[in-house]
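This briefing is meant to be read with the sequence and the model side by side. It takes up a few positions and helix contacts in turn, grouped by topic.

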Amino acid sequence: MSQEETHMESGKKSIVITLSCTDRPGIVHAVIDFFFRRDCDIAESQQFGDPDSGLFFMRVHLRTGPATPSVAELENEFGPVAERFQMHYRIHDLGVKPRLLLMVSKFDHCLNDLLYRWRSGQLPVEIPAIVSNHPDLAPLAEWHGIPFHHVPVTKETKPAAEQRLLELVEENQVDLVVLARYMQILSEDLCKELDGRAINIHHSFLPSFKGANPYGQAHERGVKLVGATAHYVTSDLDEGPIIEQDVARVDHSASVEDLVALGRETECRTLARAVQWHVQQRVLLNGHRTVVFT
């Protein structure tokens, strides 16, 4: 059982602070001293100073005590510390489950995997809605008791479809949008609206093997690795900050079907890790890259 899963152990609440700022002496001491004085115990602390960007990143998981102020009060009281070091920071209550909106087209492997992890308690989130540009997976959503929204997308209806998506995000108070093999390109405006709160998954053959049959092309070329990349969505197609990647080895005996099966397994694992780390507040943006405290 992870520390996050035991956030109410012994009547204590778990909170996490994540921050980034220009690297300089005294940051760790200032952060730890602030929370020590507010009756918090450190459960886990990780930090990284990037020599390339000159930035410092930190994630601290804390257990509160009887005298600890509320999260809102902590955020307000931490202001002077943040101002002194010019920090970008957030304080999160791990007892509050993030709300996810899942998007899918016709391939259901990533959706199925995420739903299983959610139902089994491995993924501590709420899933108030599933959106698809096809009606095929409505029965799966119904079986899980999750509202399914069929939002068709054509060249003519794309602006209206994206507006409907934003309405669903707002109506359901969505914290994270997960493109679980949603086979539509999002507009630049929509990408900006969802900046930092949308994750996509794609196979590792891009940009080498594009189009409708990448696994057939890969088989023809005799590839020896099948992989997947999970990244934040940006207007640069499939080039957002990478959160997680994984690969599986194949040999000369693998058929196209074998490649497809391995690829889908890898996509599921990779997307699940990326979503899990995001909702646990383990991912911090570092320009076009990410810092992931696992």
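Gln281 is found in the loop between helix 9 and strand 12 (283-286), and in this predicted model its phi is near 60°, a positive value in a residue other than glycine.

- Gln281 counts as buried because its relative accessibility is 19%, and buried here means under 20%.
- Val283 lies in strand 12 and is likewise buried, with a relative accessible area of 16%.
- Leaving aside residues up to four places away in sequence, Val283 touches Tyr232, Ile243, Trp277, His278, Thr290, Val291 and Val292.
- Val283 and Ser14 are 269 residues apart along the chain, and their C-alpha atoms are separated by 18 Å.

**Helix 9 against helix 4**

- Two packed helices are described by the angle between their axes and the distance between the axes.
- Helix 4 (residues 109-119) packs with helix 9 at an angle of about 45°, and their axes are 9 Å apart.
- That angle makes helix 4 oblique to helix 9, and helix 4 passes helix 9 in a right-handed crossing.
- On the helix 4 side the contact is made by His109, Cys110, Asp113, Leu114 and Arg117, while helix 9 contributes Arg264, Glu267, Cys268, Leu271 and Ala272.
- Sorted by class, the residues of this contact between helix 4 and helix 9 are five nonpolar, one polar and four charged.

**Helix 9 against helix 8**

- The axes of helix 8 (residues 214-221) and helix 9 (residues 256-279) come within 9 Å and cross at roughly 120°.
- Helix 8 and helix 9 are therefore oblique to each other, and helix 8 passes helix 9 in a right-handed crossing.
- Helix 8 makes this contact through Tyr215, Gly216, Ala218 and His219, and helix 9 through Val256, Leu259, Val260, Gly263, Arg264 and Glu267.
- The contact of helix 8 with helix 9 comprises five nonpolar, three polar and two charged residues.

**Burial and the end of helix 8**

- Pro214, Tyr215, Gly216 and Ala218 are buried in helix 8, and what covers the buried residues of this helix includes strand 9 (198-203), strand 10 and helix 9.
- Gly222 follows helix 8 and has a positive phi, near 70°.

**Two further loop positions**

- Asp238 lies in the loop between strand 10 (225-232) and strand 11 (242-249), and an unreviewed UniProt entry gives this residue the annotation "active site".
- Asp238 counts as partly exposed because its relative accessibility is 25%, a value that falls between the cut-offs of under 20% for buried and over 50% for exposed.
- Gln86, in the loop between helix 3 (79-85) and strand 4 (88-93), has a positive phi of about 55° although it is not a glycine.
- Gln86 is exposed, with a relative accessible area of 59%, whereas Gln281, which also has a positive phi, counts as buried.

Technical notes. Residues are numbered from 1 along each chain as its sequence is written. This is a predicted model: local features need pLDDT of at least 70, side-chain atom pairs count only at pLDDT 80 or more; totals for chains, interfaces and linings use all residues. Side-chain values use heavy atoms; hydrogens and water are left out. UniProt positions are given in the numbering used here, feature names are shortened, and annotations may be inferred rather than shown by experiment. Helices (H or I, at least four residues) and strands (E, at least two) are DSSP runs, numbered from the N terminus. Buried means under 20% relative accessible area, exposed over 50%, partly exposed in between (1.4 Å probe, protein chains only). Axes are lines fitted to C-alpha atoms, for helices over the stretch in contact, and angles run from 0 to 180 degrees between N-to-C directions. Angles under 35 degrees count as roughly parallel, over 145 as roughly antiparallel, 65 to 115 as roughly perpendicular and the rest as oblique. A crossing is left-handed if the near helix is turned anticlockwise from the far one by less than a right angle, and right-handed if clockwise. Contact means heavy atoms within 4.5 Å. Ala, Val, Leu, Ile, Met, Phe, Trp, Tyr, Cys and Pro count as nonpolar, Asp, Glu, Lys and Arg as charged, and the others, Gly among them, as polar.
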